[in-house]
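This briefing is a guide to selected local features of one protein model. Please keep the sequence and the structure in view while reading.

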Amino acid sequence: MAPCTETQIWNSYSAFDDEIPTVDYSLLFSHDPAQRFMALEFLRHACEEFGFFYLVNHTIPDAVFDGILKGISNYFDPTTLNERNIYRKKGPLDTIRWDQNSSSGENREYLKLFAHPKFHAPAKASGFSKIIEEYSKEMRKLVDGLAKAISKTLGFEEHYIEKAFNLKSGFDVMAMNLYPPNSTSKGPVGLPEHTDPGFMITLIQDVNGGLQILSHKGKWINAYIPHHGILIQLGDHLEILTNGKYKSHIHRVIVDNNKVKRISVVSLHGPSLDKVISPGREFVDDEHPKEYHGTTYKASLEANGCDLIDVQSSLQDLRILKP
């Protein structure tokens, strides 16, 4: 069999420009009951039929978006690699980690850090650290609001998800990415196919292109996030809690032969580490048997032998096998 050409390899990562739902955050809390009802119904549709959506008219100031994206661009200056090298992997207790990968399976530079319940950031970049912390605090307020709204779309009181996940002490990890890295890309994949653990994943970026999401219908869809908008993706543990009613989705990043650099900020907002997450009894009955094993969030993150800061999915391992 003849080897694949470069064109064939790139074509295998093609995706469609299908529409992704856009949710207006402000309408979810409208003082007009009819308007609020319609907005919550649209959010329910986006969660159940897609599992991902764009969020606009939210509460995060534009200056906070612009500040963190510029700060990341400056921090990833190719002339200061040695300053970042101190955050390469040291062990499982890392609270900050930096690396740069150029391989056939991954091409990115990243900085990961624990953002909540205790915030960590690079000590020698105090100005940048303050920008990250401000962004993290603003995003957590937004996620708390979405937790209330999504609770209502499931038919419960607004604190249902907050209590189920103990979100006040939830474990959040932030990943700041540069695609491709400050070196030659060695393949088309920026980040391979995966789902993410936790309640919800929030993502912002400076330029469009690269991020692709696998839909319910098995089609890869290109993500084109509105200016100063946020891409919201539902996490594995919301899928577990709802017994599969609201599903997380496989996604990937494809780089474009190093022609365009893209910065993204991804935050994984999880339950408290010691909280046991299993399908809620409200989602289990004779027609909908339990689909997932229950375990603590910490145990699920460590299931594949990974460090906490890696926040890798173990959803497949938690699915109950059918006889």
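In this predicted model, the side chain of Ser185 reaches the backbone oxygen of Gly187 at a distance of 2.9 Å. Ser185 also takes part in a polar contact of 3.5 Å with the side chain of Asn107. The points below begin with the setting of Ser185 and then turn to other topics.

**Ser185 and its loop**

- Ser185 belongs to the loop between β5 and β6.
- Ser185 has a relative accessible area of 17%, and because buried means under 20%, this residue counts as buried.
- The loop between β5 and β6 also holds Pro180, and the peptide bond leading from Tyr179 to Pro180 is cis, with omega near -20°.

**Backbone geometry**

- Most residues other than glycine have a negative phi, and most peptide bonds are trans.
- A cis peptide bond runs from His116 to Pro117, with omega near 10°.
- Pro117 is placed in the loop between β4 and α5.
- His228 is not a glycine, yet its phi is positive, at about 60°.
- This histidine, His228, lies in the loop between β9 and β10 and is buried, with a relative accessible area of 17%.
- Asn243 is not a glycine either, and it has a positive phi of about 55°.
- Asn243 is located in the loop between α7 (236-241) and β11, where its relative accessible area of 9% makes it buried.

**Aromatic rings and charges over rings**

- A pair of aromatic rings is described by the distance of the centres and the angle of the planes.
- How many aromatic pairs does a search of the whole structure find? The search gives 10 aromatic pairs.
- In the pair of Tyr75 and Phe128, the ring centres are 5.0 Å apart and the planes meet at 25°, so the pair is stacked.
- Tyr75 lies in helix α3 (residues 62-75) and Phe128 in helix α5, so this pair ties together parts that are 53 residues apart in sequence.
- Tyr75 is buried at a relative accessible area of 13%, and Phe128 is buried at 8%.
- One aromatic cluster is formed by Tyr75, Phe76 and Phe128.
- The charged end of Arg84 sits over the ring of Tyr75, at 5.7 Å from the ring centre.
- Another charged end, that of Arg252, sits over the ring of Trp220, at 3.8 Å from the ring centre.

- What is the volume of the largest pocket? The largest pocket has a volume of about 470 Å³.
- The largest pocket is lined by 27 residues, and the closest to its centre are Arg108, Lys112, Leu191, His194 and Asp196.
- Several strands each supply at least two residues of this lining, among them β4 (107-116), β6 (189-194) and β12 (262-269).
- The most is given by β5, with four residues of the lining of the largest pocket.
- By residue type, the lining of the largest pocket consists of 13 nonpolar, nine polar and five charged residues.
- The second largest pocket has a volume of about 320 Å³.
- Its lining has 17 residues, of which Gly209, Gly210, Ile254, Val255 and Asp256 are the closest to the centre of the second largest pocket.
- The lining of the second largest pocket comprises eight nonpolar, six polar and three charged residues.

**The cavity**

- Rolling a probe the size of a water molecule over the atoms shows where empty space is left.
- The structure contains one cavity of 30 Å³ or more, and the volume of the largest cavity is about 40 Å³.
- Which residues line the largest cavity? The lining is made up of Arg140, Val143, Asp144, Leu167, Asp172, His269 and Gly270.
- Helix α5 (residues 126-153) provides the largest share of this lining, with three residues.
- The lining of the largest cavity divides into two nonpolar, two polar and three charged residues.

**Two further buried loop residues**

- Ala223 occupies the loop between β9 (220-222) and β10 (230-234), and its relative accessibility of 2% makes it buried.
- Ala223 and Arg88 are 135 residues apart in sequence, and their C-alpha atoms are 30 Å apart in space.
- Ser272 lies in the loop between β12 and β13 (276-277) and is buried, with a relative accessible area of 6%.
- A distance of 28 Å separates the C-alpha atoms of Ser272 and Leu211, which are 61 residues apart along the chain.

Note on methods:
Residues numbered from 1 in each chain as written. Predicted model: local features only at pLDDT ≥ 70, side-chain atom pairs only at ≥ 80, totals over all residues. Heavy atoms only, no water. 1 Å grid on protein atoms, 1.4 Å probe; cavity = no way out; pocket = protein on both sides within 12 Å on 5 of 7 lines; lining within 4 Å. Points joined across faces, edges and corners; volume = space filled by probe spheres on them. Nonpolar A, V, L, I, M, F, W, Y, C, P; charged D, E, K, R; others polar. Buried < 20%, exposed > 50% of the residue type's maximum accessible area, 1.4 Å probe, protein only. Polar contact = N/O pair within 3.5 Å; in protein donor to acceptor, adjacent residues only side chain to side chain. Phe/Tyr/Trp six-rings, centres within 6.5 Å; stacked < 30°, edge-to-face > 60°. Lys NZ or Arg CZ within 6 Å of the ring centre and 35° of its normal.
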